[in-house]
Amino acid sequence: MSRRPLGPRPGIGYGHLVSTTPGAFVTKREWIIHPIPVERPEQGRLDRKVECATCGRELSMRVSSLEAARRRRQIWQVLAASGAAVAVLCGLLALVAGDGPGAALSLLGAAVGAVFALNVFMRSRLEDGVVMRRPTLTRMHGHMLRWPPQN
Ligand SMILES: [Zn+2]
């Protein structure tokens, strides 16, 4: 699932969680995905309340202007790149440090950097200039930002 170009309306939608099936390794979640019926503002950000089309629960969304959305994507990219750079740097340090206590520390740094970069990368894939404001940032009682399936 790759990034999609930014448009005048958010391309990303919100998902309503339909079912959760615990599996051996991953929990399978099924979502009904609805579009976000909000135009991007000319400038800055816009807070809008959206009623979930499935359950009617009120969701608060903050939609950014095209320019702000573009900036947000850039910031995520820089963050992911920094994390990856830290991971590589610490990995190299670990090689140089040999068997000393510095090596363990460097390996730890590499692991932390890699995990950070991966997390940021996963989050950045959902960046379309839209933020769910309530009740939580990422998961709102079975709701979260999702890309609609591509036709
Ligand atoms: Zn819902």
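## Chat on a predicted model

Reader: Let's start with Arg 73. Where does Arg 73 lie?
Author: Arg 73 lies in helix α1. Keep in mind that this is a predicted model.

Reader: Buried, exposed or partly exposed?
Author: Arg 73 is partly exposed, because 16 other C-beta atoms lie within 10 Å. A buried residue would need 20 or more.

Reader: Which residues is Arg 73 in contact with, leaving aside neighbours within four places in sequence?
Author: Ser 124 and Glu 127.

Reader: How far apart in space are Arg 73 and Glu 127?
Author: 6.4 Å, C-alpha to C-alpha. In sequence they are 54 residues apart.

Reader: OK, the helices. At what angle do α1 and α2 pack?
Author: About 160°, with the axes 7 Å apart. Helix α1 covers residues 66-97 and helix α2 covers residues 101-124. That angle makes α1 roughly antiparallel to α2, because anything over 145 degrees counts as such.

Reader: Left-handed or right-handed crossing?
Author: Left-handed, as α1 passes α2.

Reader: Zoom out. How many helices and strands in the protein?
Author: Two helices and six strands. Along the sequence the pattern reads β-β-β-β-α-α-β-β.

Reader: And the overall dimensions? What is the radius of gyration?
Author: The protein has 19 Å. A compact globule of 151 residues would have a value near 15 Å. The C-alpha atoms fill a box of roughly 60 × 40 × 30 Å along the principal axes.

Reader: How much of the protein counts as buried?
Author: 18% of the 151 residues.

Reader: Which residues make up the largest nonpolar core?
Author: Seven residues: Ile 12, Tyr 14, Leu 59, Met 61, Val 63, Val 130 and Leu 145. Strand β4, residues 58-64, gives the most, with three residues.

Reader: Take Ile 12. What does Ile 12 touch, not counting residues up to four places away?
Author: Ile 36, Leu 126, Asp 128, Val 130, Leu 145 and Trp 147.

Reader: What share of contacts with a separation of 6 or more comes from residues 24 or more positions apart?
Author: 57%.

Reader: Last one: Met 144. Which strand is Met 144 in?
Author: Strand β6, residues 143-146. Met 144 counts as partly exposed, because it has 19 C-beta neighbours inside 10 Å. The cut-off for buried is 20 or more.

Reader: How far is the C-alpha atom of Met 144 from that of Val 18?
Author: 12 Å. Met 144 and Val 18 are 126 residues apart along the chain.

Technical notes: Residues numbered from 1 in each chain as written. Predicted model: local features only at pLDDT ≥ 70, side-chain atom pairs only at ≥ 80, totals over all residues. Core = buried A, V, L, I, M, F, W, Y, C linked by C-beta atoms within 7 Å. Buried ≥ 20, exposed ≤ 12 C-beta atoms within 10 Å, placed from the backbone. Helix = DSSP H or I, 4+ residues; strand = E, 2+ residues; numbered from the N terminus. Contact = placed C-beta atoms within 7 Å. Rg over C-alpha atoms; globule rule 2.2 N^0.38 Å. Axes fitted to C-alpha atoms, helices over the stretch in contact; angles between N-to-C directions. Parallel < 35°, antiparallel > 145°, perpendicular 65-115°, else oblique. Left-handed = near helix turned anticlockwise from the far one by under 90°.
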